[in-house]
Structure formats: C-alpha cells, structure tokens
Amino acid sequence: MIGAKTRAVAVKELRQILRDRRTLMILLFVPAFFLLVYGYALNFDIRNVRLAVQDNDRSSVSRELISAFVNSGYFDLVADVSSPAEVDGLINRNEARAVLVIPARFGADARLGRATTVQLIVNGDNANSATTVVGYALSLVSALSTRYEIEARLASAAGPALSIEPRIWYNPELRSALFLVPGLIAYIAMLTAVVSTSLSVVREKEVGTMEQVRMAPLGPVPYVFGKTLPYFFISLASATGIVLVAMALFDLPMRGSWLALIAAVSLFLVGALAFGLLISTIAETQQVAFQVALLTSYLPTLMLSGFIFPISSMPTFLQLVTYIVPARYFLVVLRGIVLKGVPLGTFWAELGALAVFAFVTLGLASFRLRRQWA
Amino acid sequence: MSAHEDVDRGVPGPGRVPGPPIAIDVRNLSRRFGDFVAVDGVSFDVRAGEVFGFLGSNGAGKSTTIRMLCGLLRPTSGTAIVDGVDVGRDPERVKPRIGYMSQKFSLYERLTVDQNIAFYGGVYGVRGARLSTRRDFVLDMAGLRGKERTLTGELSGGWRQRLALGCAILHEPSIVFLDEPTGGVDPLSRRRFWKLIDELSRSGVGVLVTTHYLDEAEHCHRIAIIQAGKLAALGTVAELKAPFAGRPIVEVRTSRPVEAMRLLDAMPQVEKTSIFGTSVHAVLRTADAGADTIDAALTGRIEGPIETSLVEPSLEDVFLDLAMRSASAS
C-alpha cells in the first residue's frame with residue numbers, strides 16, 4: 001500500500017516532470033529519436049559495395065562468378081579493369097571498395113575440378129565493413145565452387161560431395177535492427193532511470209528543498225518511493241513504446257509474452273533506479289551526478305553489455321568487467337523474450353544476477369541515504 | 001476562547017502562573033565535528049508567543065544549533081527540549097511539532113502556489129477539510145489570492161517568502177524556526193514579513209529567528225548573540241544595550257570616515273570607534289563628554305562638512321562591542 005506521504009511526493013514529482021520540458025524530452029523523445037537513429041543508421045548490414053573486376057580469364061565461368069557477385073545485391077560493378085596499376089588507382093580514389101581478380105585458366109580449372117584461386121582485394125580502412133565484405137565474397141565463391149566441384153565429380157562418376165546450407169534462426173535475414181532493439185530498451189531504461197533519478201534528487205539538494213523536506217515528518221523511505229515511482233512507470237512505458245515502435249517500423253517479432261517482458265524490465269528498472277539513488281547520495285551537484293551517471297551506466301550499457309560489440313570478442317579483462325554490467329544479463333533475457341519467445345524461467349541465472357544487482361545497490365543506496373537523512 | 005486554551009497557547013491570563021510556558025529549552029547544548037566545536041555549551045529558552053532572535057556572524061554556530069533543535073543533527077552533549085520532546089532522544093517526534101523556513105524559500109519553483117501547498121499539506125498530514133481551511137488562511141496571509149495557479153518560480157521574492165512561511169505553518173506548529181528568512185527580499189516585503197511574524201507570536205507561537213540584518217532584530221522580544229559557538233549575550237534589546245549606559249555614542253558623518261576615525265582614536269575621551277558606511281561611531285568614556293567636544297576637536301582638521309550627533313546605541317553597536325571584547329580576550 002502506498003501511504004499518503006509517499007503519494008504526496010509522487011504527485012509532486014510527476015507534476016515537476018510534466019512541467020520540466022527538458023526532462024520530458026529526455027524521457028519521451030530521446031528514446032524515439034534513438035530508436036530511429038540506431039534502427040536505421042546503426043546498421044551493420046552492408047549493401048552496394050563498389051566492386052571492380054579484373055577478369056584475366058574472360059570465360060563463361062568467370063562471367064558467371066562476376067554475375068553471382070552482382071546479383072547477390074551486395075555488390076555494384078563499377079569498373080572492369082585490365083591491369084594491376086588501375087586497381088591501385090581505383091582503391092586509392094575510393095572508387096572501388098573491393099576488386100575481384102580472376103586468373104587466366106580459371107574457367108578451365110574449375111570445369112576440371114582442379115583447385116583454383118581468385119583474389120579479392122578489399123579496402124581495409126573500415127575493418128568492420130571489410131570483414132563483412134570478405135564474408136559475403138567467401139560465401140558467394142564457395143557456393144559456385146561447390147557447384148563446379150559437384151559437376152566435376154559427377155562427370156568423373158565420383159561419390160557425392162557435402163555442401164553446407166546455412167539456416168539462421170530467429171533473425172533469418174540477420175537484420176541488425178532486430179538485434180539492436182532489445183539493446184536499445186536496456187540503454188534507454190538505464191538512461192531514464194539512472195540519469196533522471198540521480199539528477200532529480202541532486203537538484204533538490206542544490207535548490208535546498210531537500211533540507212526543507214528533511215525538516216518535515218517524512219522519512220527517507222516515503223521520500224525515495226515517492227520520487228522513484230513516476231520514473232519507474234515512465235521508463236516502463238518508454239520500454240513498451242520502444243517495442244511497439246520497433247514492431248511497426250522494423251517488423252520486430254514479439255514472440256514472447258508481454259507479461260514476461262514487463263516483469264524483466266521491472267526487475268532491471270529497480271536496479272537502475274537504485275543505482276541512480278546511489279549516485280545522488282554521492283554527488284553534490286547535478287553536473288557531477290550527470291557525469292558519474294554517464295560513466296557508470298550509460299557508457300557500460302552502450303559498450304560492455306553486448307549491445308553493439310559482442311562480449312565474446314572483447315579482451316579477457318573487459319569480458320570480466322561485463323559481469324558487473326547489469327545490462328549484459330538484461331540483454332540476454334530481452335533478446336530471448338522478444339526474438340525467441342523463450343519463457344522467463346529459462347533465464348533464472350540472468351534474472352538472479354539482475355536481482356542481486358538490484359538488491360545490493362538498493363541496500364547501499366538506502367544505507368547511505370539513511371546516514372545522510374538524519 | 002476558553003481558559004484552558006489560554007494556557008495552551010501560552011497567553012498569560014489573570015491569576016495564572018506568570019510567564020508563558022517554555023517552548024524551547026536548551027541546556028548546555030554542544031556539537032562537535034571532529035576537533036571543531038561548532039556549538040559550545042549553549043543554554044537558553046524560548047517562551048510560547050515569544051519572538052526570539054538568534055544572532056551571530058556566519059559560521060558562529062547558528063545553523064548548527066537550529067539543525068539540532070529541528071532534529072536533523074544529534075547533539076554531542078547537552079539537552080534540548082522542543083515542545084516537550086527531547087530532540088536528542090526522539091528527533092522524529094519533534095518534526096511534526098515545528099515549522100521550518102530557510103533563507104532559500106525552499107519551495108518547488110516548477111509547481112504552482114496551490115501545488116506547493118498541497119505537497120506540504122500531504123507531507124505534514126494536513127488533509128481534506130483542514131487542508132482547504134489552512135490553504136485559505138495561507139493564501140490570505142501571503143496575499144496570494146488570485147495567484148493560486150501561478151508558478152512559484154515566477155513569483156517575486158516577497159511573495160515567495162510569504163508562501164514559504166505559509167507552507168511552514170500549514171500544520172499549525174506551536175514553534176517556528178526561521179533561518180535568515182528575509183535574505184534577498186526588498187525592504188517593503190521585509191517589513192510586511194515582520195508584521196506576519198508579530199501576528200504569529202501573538203497567536204501564541206514561539207518563533208526562533210536568525211538574521212544578520214541587525215535593524216530587524218530590534219523586533220525581537222529577546223535576543224541571543226552567538227560567537228564562535230558560545231553564547232556571548234542574551235537578553236531583551238534594552239538589556240543588551242545596557243552596557244552603553246553612561247557611555248554615549250557620537251555619530252560623526254563625514255566624507256572621510258577613515259581619517260576621522262584615526263583622529264577620534266587619538267582623543268582621550270574616546271573609548272573606541274567603528275565605521276558604519278559614511279559615518280563613524282565613537283563610544284565615549286564618560287557621559288559628560290558630549291558631542292560638541294568631538295565636533296570642536298574635529299573642526300578644521302578634516303576636509304569637507306562634518307556633522308556630529310549623539311545617537312542611541314543600535315544592536316550593531318552591541319554586536320561590534322561584543323566582537324571586539326571577545327577578540328581582545330582571546
């Protein structure tokens with residue numbers, strides 16, 4: 001049950017938030033803005049890679065390979081060159097991002113089932129996209145290679161060959177947006193909960209209303225509950241909104257139950273709000289609170305949660321650090337619920353980690369707050 | 001009004017024990033922060049219906065004392081009984097019984113007048129019919145009728161100050177603490193505010209007010225002056241000025257106060273001098289050395305017109321006198 005004093009604080013806080021355009025913008029529009037920016041712009045898919053070709057073979061097989069590249073949709077043929085010098089120029093002027101060099105006798109070797117090699121020159125100044133381009137090329141070449149291998153074997157009446165047919169589950173087109181939306185929810189929940197909670201408490205310290213409230217017969221518990229409740233519900237609404245918008249704009253499948261989603265988000269939010277309170281007991285000015293919040297919640301959530309950079313490809317030390325980033329666990333749960341529809345019970349370890357985080361920060365925050373209160 | 005209520009509100013009636021009941025009783029109150037003694041063995045009492053001035057320079061221990069009396073800070077030693085409650089033992093029981101208003105007018109600027117009243121009502125447990133009665137009282141008292149829906153941040157200093165006082169007494173406390181309540185407010189609003197304090201005390205509320213406007217302190221029934229954590233003086237305004245009986249003060253108005261002060265200090269009949277803006281106050285050793293002797297002694301020795309007159313000692317004279325004495329003692 002919510003007491004009358006808690007309600008008075010909550011109503012006051014809500015009225016302040018509604019009056020404060022800046023906070024309201026942060027809480028409502030920034031999530032929507034981020035969703036659009038990250039959903040559309042932060043896209044790890046690469047299309048229309050400018051490709052040049054140096055075909056020294058000019059056989060039907062080499063033409064087949066080139067058209068396989070072009071028809072994949074990932075590559076645009078921009079030039080057909082005949083000398084290595086021209087290749088240099090194209091790459092240096094950034095007219096081509098990749099050059100496919102096909103050796104003479106390529107077609108003949110392929111038909112006979114003999115090993116042959118094509119060369120792919122990729123501009124590596126953007127390592128991420130270069131890796132992706134190499135990946136595309138490899139799969140195109142190997143598909144073609146498999147076919148010629150099989151044809152050659154059939155011609156020589158050899159046994160059957162193995163081929164791989166990849167199947168990607170849950171996100172068959174490997175669209176980045178689907179992968180990012182759960183991360184975005186974590187990110188925005190952390191932003192609204194930690195930053196706005198710590199700022200709103202520290203603002204009361206700065207302005208002096210905190211002192212006034214401490215003089216009143218109002219314990220720290222109703223104060224904290226009243227102050228965090230509005231942020232809790234706003235963050236929850238914001239998270240739900242992100243899922244709905246992502247469903248409409250990016251065809252995000254909502255495979256799991258909404259109840260499980262809300263339960264998971266709530267657990268995460270309790271920890272985040274407690275963390276915001278903890279910061280507010282340390283910082284004396286809004287500026288310090290904002291910077292501490294950025295460093296301890298915003299950046300780790302962005303960098304160390306697996307939101308953008310996969311944890312498995314981090315150095316060991318950073319991988320260890322990620323264990324204390326709550327968003328890490330939250331992301332696993334969210335992706336499981338949203339993309340796979342896995343029941344909540346499957347994530348007992350992650351949920352346990354979130355609960356421990358919430359419990360510890362809440363304990364620390366209330367300990368420090370009680371000491372400061374009176 | 002019944003006889004019983006008279007006692008409760010601290011108004012002495014005929015045939016009753018003389019003197020209103022004690023609202024705040026402070027005995028040997030001390031507070032240390034590590035090695036630093038912020039408040040050192042302070043004792044005083046505040047009666048119901050009394051306006052008690054608590055004066056001292058910044059860092060003298062005023063705020064620390066108030067914070068202890070309001071239950072925010074535990075005393076290191078000594079006792080303070082506020083409205084019958086031992087603050088050191090039961091700080092939470094003190095809070096509903098007192099009102100507190102600080103120099104910062106701690107209202108929520110992004111809330112309207114009405115919303116601030118509603119918030120403090122909620123926090124102090126003033127609800128329903130009582131809240132609407134008290135709200136009307138506060139609006140009338142502060143002169144905020146018609147401004148109920150104005151944002152508090154858009155009000156001028158005087159309005160905000162009166163609203164802050166209104167929010168502090170919404171729950172009808174019997175004791176009110178005002179910590180530098182008139183800082184940053186225009187003189188007219190300050191006068192109006194002191195009128196409100198006067199009305200409050202007439203209704204039986206004990207008021208403890210700190211200020212560094214010494215002219216304002218003359219409104220107080222009694223005054224305590226605190227210096228370096230210790231009580232330096234305590235009494236009515238007249239009592240505090242008593243040391244100046246037989247030591248007249250001559251005010252010298254001149255465009256060259258520093259020069260005048262040097263000349264005055266050299267005169268045998270002058271005990272000490274202090275500068276007040278463009279005038280110098282000279283405390284004389286005996287009553288028979290009048291203003292005219294000073295005038296005669298200064299004429300022709302300072303450029304520009306000089307005006308000398310005997311003045312009544314102000315609290316500022318008292319304050320400076322005490323400060324000098326404690327400085328020469330240490």
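Chain B is divided into domain 1, residues 21-235, and domain 2, residues 242-329. The model is predicted.

**Domains of chain B**
- Taken over C-alpha atoms, the centres of domain 1 of chain B and domain 2 of chain B are separated by 36 Å.
- In the contact between them, domain 1 of chain B contributes 8 residues and domain 2 of chain B contributes 7 residues.
- On the side of domain 1 of chain B that touches domain 2 of chain B, at least two residues come from each of α8 (214-217), β9 (222-227) and β10 (230-235) of chain B.
- That side of domain 1 of chain B comprises 6 nonpolar, 1 polar and 1 charged residues.

**Contact between chains A and B**
- Chain A supplies 20 residues to the contact, and chain B supplies 20 residues.
- Helices α1 (4-19) and α8 (209-215) of chain A each provide at least two residues of the side of chain A that touches chain B.
- The most is given by α1(A), with 8 residues on that side of chain A.
- By class, the side of chain A that touches chain B has 8 nonpolar, 4 polar and 8 charged residues.

**Ala237 of chain A**
- Ala237(A) lies in helix α9 of chain A, which covers residues 220-250.
- Ala237(A) counts as partly exposed because 14 other C-beta atoms lie within 10 Å, whereas a buried residue would need 20 or more and an exposed one 12 or fewer.
- Arg47(A) is 190 residues from Ala237(A) along the chain, and their C-alpha atoms are 35 Å apart.

Notes: Residues numbered from 1 in each chain as written. Chains lettered and ligands numbered in written order. Predicted model: local features only at pLDDT ≥ 70, side-chain atom pairs only at ≥ 80, totals over all residues. Domains from an automatic or database assignment. Contact = placed C-beta atoms within 7 Å. Helix = DSSP H or I, 4+ residues; strand = E, 2+ residues; numbered from the N terminus. Nonpolar A, V, L, I, M, F, W, Y, C, P; charged D, E, K, R; others polar.
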